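Trainee: Hi! Could you walk me through this one? I'd like to start with what surrounds the ligand.

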Amino acid sequence: MKAVQCTKYGAPEVLKLIEMEIPVPKEDELLVRIHATAVNSGDVRIRKADPWAVRLFFGFKRPKQAVLGGVFSGEVMAVGTSVKNYRVGDCVFGTTGMTFGTYAEYRSVKETAAIALKPESLSHTEAAIIPFGALTALHFIRKAKVGSGQKVLIYGASGAVGSAAVQLVKYYGAEVTAVCSGRNRELMHRIGADQVLNYQSEELALNREKYDVVYETVNKWSYAESLKHVRKGGTLILGAADFSKMILAGVSNLSGKKVLTGVSKESALEMKWMKELIDEGQFTPVLDRVFSLDEIVEAHQYVDAGHKRGNVAVQVIR
Ligand SMILES: NC(=O)c1ccc[n+]([C@@H]2O[C@H](COP(=O)([O-])OP(=O)(O)OC[C@H]3O[C@@H](n4cnc5c(N)ncnc54)[C@H](OP(=O)(O)O)[C@@H]3O)[C@@H](O)[C@H]2O)c1
């Protein structure tokens, strides 16, 4: 099968298209023919070893799991002997999380992994871009107990995590203020934002509003500024905190405001919940550009620039 290998840490050109053996599913696994995957900020961080500590967890000189890509949508081609809930021919979507391996034509995944049946209303390309942003946003939004009547500000609202957060916060009944650049204003209203503030104009600087929850998704806003906008007793979510912000977060819990950081967790339960939300028409994929597997270097270059709108998909089968 065709797959993309990350030969060392570095620029997008370290990604090389190679031939590999098709995996053989174990007794509790499904073999999925991947129709589509995505290039997410997580893949880019591993490829670049950014932050440097990536090397401590994923391999000192190069990623030990050389095939990156953490999301997929595809068709079940074979099932192991103990698999009960999926059959050959089912269309599934999901995430392999930190074990990666979806920049490939096939991937074996455990039946109990964070997967679900693909919503019929979505193409594989649309389904593949759901898990990364949605499961991350869902983790933090639930942890912050976002609910009806609350005011929530989402900073970096036009990214994969941000655009999912806007929709999920609306679903939970809160009022959303989305912060993005001017060119994404219309997109924000389309996916449900009540107010939009352009971070490139004075709109954000002049805003004096306090929020029940501030969700900083992209680590581009100063810690002091983001905390300032949280009301007393409210919650700041630092979805992409660096080391220094993590230390500040520990101290700030003394300020009467809660600060949440850390790594999101994903499971089959949340994937199935997302499928239902999509089936009910309450969540929609935000797709920016589509590349082919042969164009993986260009796809990473595009994501590296840091201004994608929502998500970038990769079609494995054209
Ligand atoms: N904690 C966890 O478990 C976890 C899980 C997943 C991801 N993450 C982290 O979350 C972060 C965001 O991920 P993502 O995939 O959503 O990122 P992304 O999609 O790559 O973010 C791109 C978006 O960021 C916006 N942006 C760029 N500069 C900005 C600025 N100065 N102010 C406001 N917005 C700005 C861009 O909008 P404009 O074009 O309008 O500037 C663009 O739409 C990443 O650092 C990722 O590593 C953490």
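**Around the ligand**

Mentor: Happy to! The shell around the ligand divides into nine nonpolar, 14 polar and four charged residues. Keep in mind that this is a predicted model.

Trainee: Which residues come nearest to the ligand?

Mentor: Of the 27 residues around the ligand, the nearest are Ser41, Arg45, Ser181, Tyr199 and Lys308.

Trainee: Why does the ligand lie between domain 1 and domain 2?

Mentor: Both domain 1 (2–129 + 285–315) and domain 2 (133–260) give residues to the shell, so the ligand lies between them.

Trainee: And which helix gives the largest share of that shell?

Mentor: That's α4, with three residues. α1 (41–48), α4 and α5 each supply at least two residues of the shell.

Trainee: What about polar atoms facing the ligand?

Mentor: Take the oxygen side of things: an N or O atom in the side chain of His307 is 2.8 Å from an oxygen atom of the ligand. A polar side-chain atom of Asn184 lies 3.1 Å from a ligand oxygen atom. For nitrogen, a polar backbone atom of Gly262 is 2.9 Å from a nitrogen atom of the ligand.

Trainee: How much of the ligand does the protein bury?

Mentor: Taken alone, the ligand exposes 930 Å², and the protein buries 89% of that.

Trainee: New topic: how many cavities of 30 Å³ or more does the structure hold?

Mentor: One. About 70 Å³ of space lies in the largest cavity.

Trainee: What lines the largest cavity?

Mentor: 13 residues, with Ile129, Ala164, Phe283, Val286 and Asn311 nearest its centre. The lining has eight nonpolar, five polar and no charged residues, and α5 gives the most, with four residues.

How values were computed:
Residues are numbered from 1 along each chain as its sequence is written. This is a predicted model: local features need pLDDT of at least 70, side-chain atom pairs count only at pLDDT 80 or more; totals for chains, interfaces and linings use all residues. Side-chain values use heavy atoms; hydrogens and water are left out. On a 1 Å grid over the protein atoms alone, a cavity is a set of points where a 1.4 Å probe fits but cannot get out, and a pocket is an open set with protein on both sides within 12 Å along at least five of seven lines; lining residues have an atom within 4 Å of a point. Grid points are joined across faces, edges and corners, and a volume is the space filled by probe spheres set on the points. Ala, Val, Leu, Ile, Met, Phe, Trp, Tyr, Cys and Pro count as nonpolar, Asp, Glu, Lys and Arg as charged, and the others, Gly among them, as polar. A residue is near a molecule or strand if one of its heavy atoms lies within 4 Å of it. A polar contact is a pair of N or O atoms within 3.5 Å; within protein, one must be able to donate a hydrogen and the other to accept it, and residues adjacent in sequence count only if both atoms are side-chain atoms. Accessible areas come from the Shrake-Rupley method with a 1.4 Å probe; for residues, only the protein chains shown count as cover. Domain bounds come from an automatic or database domain assignment.
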